[in-house]
Amino acid sequence: MVGSSEESLNNGGMISSPVPSFESVQEMVRSNLPYIPDRFIQRSTDEEEEEDKSRDVDMSVLSPQIPIIDLALLSMADADELQKLELACRSWGFFMVINHGIPGEELERVKNSAAGFFELPFEEKKEYSFDFNERQGYGRPFMVSEEEKLDWSDSLLLKIHPYHFRRLKFWPTTPPDFRENLEAYSNEVRKVAEKLLAGSLSLMMGMNKGGLLGLHREIEQSFRLNYYPICRNPDRVIGASPHSDASSITILLQDDDVTGLEIRHAGGWVLVKPIPNSLIVNIGDVIEIWSNGKYKSIEHRAKTNEKKARMSLATFFMPAKDAEIEPLDHLLDPRGSKRKYNKVKYGDYLAHSLRKKIEGKTNLLLSKSKDQA
């Protein structure tokens with residue numbers, strides 16, 4: 001989807017080098033910087049690299065087994081499809097959705113608008129620079145210290161719903177159709193999320209229809225546009241570090257012709273190969289807590305490549321900040337299984353997750369019971 005006119009970085013990544021003054025990875029690539037700055041290098045010694053290789057087993061052979069869920073069948077209360085969804089949530093935590101009702105032309109329009117934003121000169125994109133108080137804008141939303149390793153990516157983070165959370169000063173006006181196309185896509189993908197949460201996911205978790213919606217109080221919706229530039233030595237950097245999402249569910253739209261998303265499964269990493277016009281849904285930390293760990297949020301990461309930049313559009317659906325999240329009583333084993341998580345206000349949970357670099361599933365430690373931590 002996203003072309004790559006930038007020249008590749010030559011790898012001098014093994015040398016000691018300061019982070020240059022550039023405020024975006026895309027600009028480093030455009031400038032032909034002759035080395036990878038140290039703060040982006042994820043592996044620094046042969047010993048660490050061998051340890052990572054032994055732990056990060058390539059499970060790409062399992063890519064065709066990632067569950068594919070037909071939302072049209074779920075909407076008709078198809079029992080077999082509901083069973084497939086339950087297995088997908090329990091065994092994978094990720095699934096692809098087809099027949100979701102969003103026209104392919106609309107998906108292409110929002111992707112084209114997003115690509116057009118990243119094609120702008122850096123000075124224009126800087127007009128929407130990330131504001132750490134608002135938690136919106138263009139830049140690196142998860143950089144919390146000067147020492148942490150940085151991901152090989154740039155992002156645009158926006159709050160979509162409730163409307164009063166929006167700050168339109170961060171919504172690009174170029175390309176001219178950016179706002180219109182993002183608004184249309186956000187409305188449609190929200191309908192998909194509400195169908196899943198109010199319908200099949202509520203039933204799967206032993207509730208009446210609409211049960212999960214009630215637990216949210218009001219569904220909050222945020223959007224993150226991710227851009228992963230090319231890199232001459234992609235094995236030395238990471239587009240997005242392994243993490244789970246602090247959401248209820250996340251819905252991802254990605255390029256149809258560039259791979260990069262990988263999910264943790266069976267002790268290794270499984271590459272998610274795009275299906276044109278599909279959406280990718282993953283279970284977030286909130287549903288893991290509500291289900292007392294039956295349906296787990298799964299770590300995922302994004303890899304880079306040396307030939308073509310990649311883009312993804314992630315939409316996060318979360319409870320209201322004052323909603324309390326804890327294991328649901330009816331999902332506890334009647335034989336006396338313990339609660340794996342304590343009650344926590346979602347706003348506190350989210351604030352905790354934003355105070356540090358996203359890393360694995362460490363966010364869940366805030367809610368873990370002492371005997372489970």
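A salt bridge is taken here as a side-chain nitrogen of Lys or Arg within 4 Å of a carboxyl oxygen of Asp or Glu, and the structure to which this rule is applied is a predicted model. By this rule, 16 salt bridges are counted.

Among them, Arg30 and Glu27 pair through their side chains with an N to O distance of 2.9 Å. The two residues stand 3 residues apart in helix 1 (residues 25–30), a separation of about one helical turn; Arg30 is partly exposed at 30% relative accessibility, whereas Glu27 is buried at 13%. In helix 4 (residues 79–91), Glu86 and Arg90 are 4 residues apart and likewise separated by about one helical turn, and their salt bridge brings the closest N and O atoms to 2.7 Å. Here Glu86 is buried, with 16% relative accessibility, while Arg90 is partly exposed at 43%.

A further salt bridge links Asp329 to Arg339, with 2.2 Å between the closest N and O atoms. Both residues lie in the loop between strand 14 (324–325) and strand 15 (344–345), so the pair ties together parts that are 10 residues apart in sequence. Asp329 is exposed at 57% relative accessibility, and Arg339 is partly exposed at 31%. Through shared partners, salt bridges join Glu324, Glu326, Asp329, Arg339 and Lys343 into one network.

Apart from these pairs, Ser244 occupies the loop between strand 7 (240–243) and strand 8 (249–254) and is buried, its relative accessible area being 4%. The side chain of Ser244 makes a polar contact of 2.9 Å with that of Asp285, and residues touched by Ser244 beyond four places in sequence also include Ser297, His300 and Lys361.

Technical notes. Residues numbered from 1 in each chain as written. Predicted model: local features only at pLDDT ≥ 70, side-chain atom pairs only at ≥ 80, totals over all residues. Heavy atoms only, no water. Buried < 20%, exposed > 50% of the residue type's maximum accessible area, 1.4 Å probe, protein only. Polar contact = N/O pair within 3.5 Å; in protein donor to acceptor, adjacent residues only side chain to side chain. Contact = heavy atoms within 4.5 Å.
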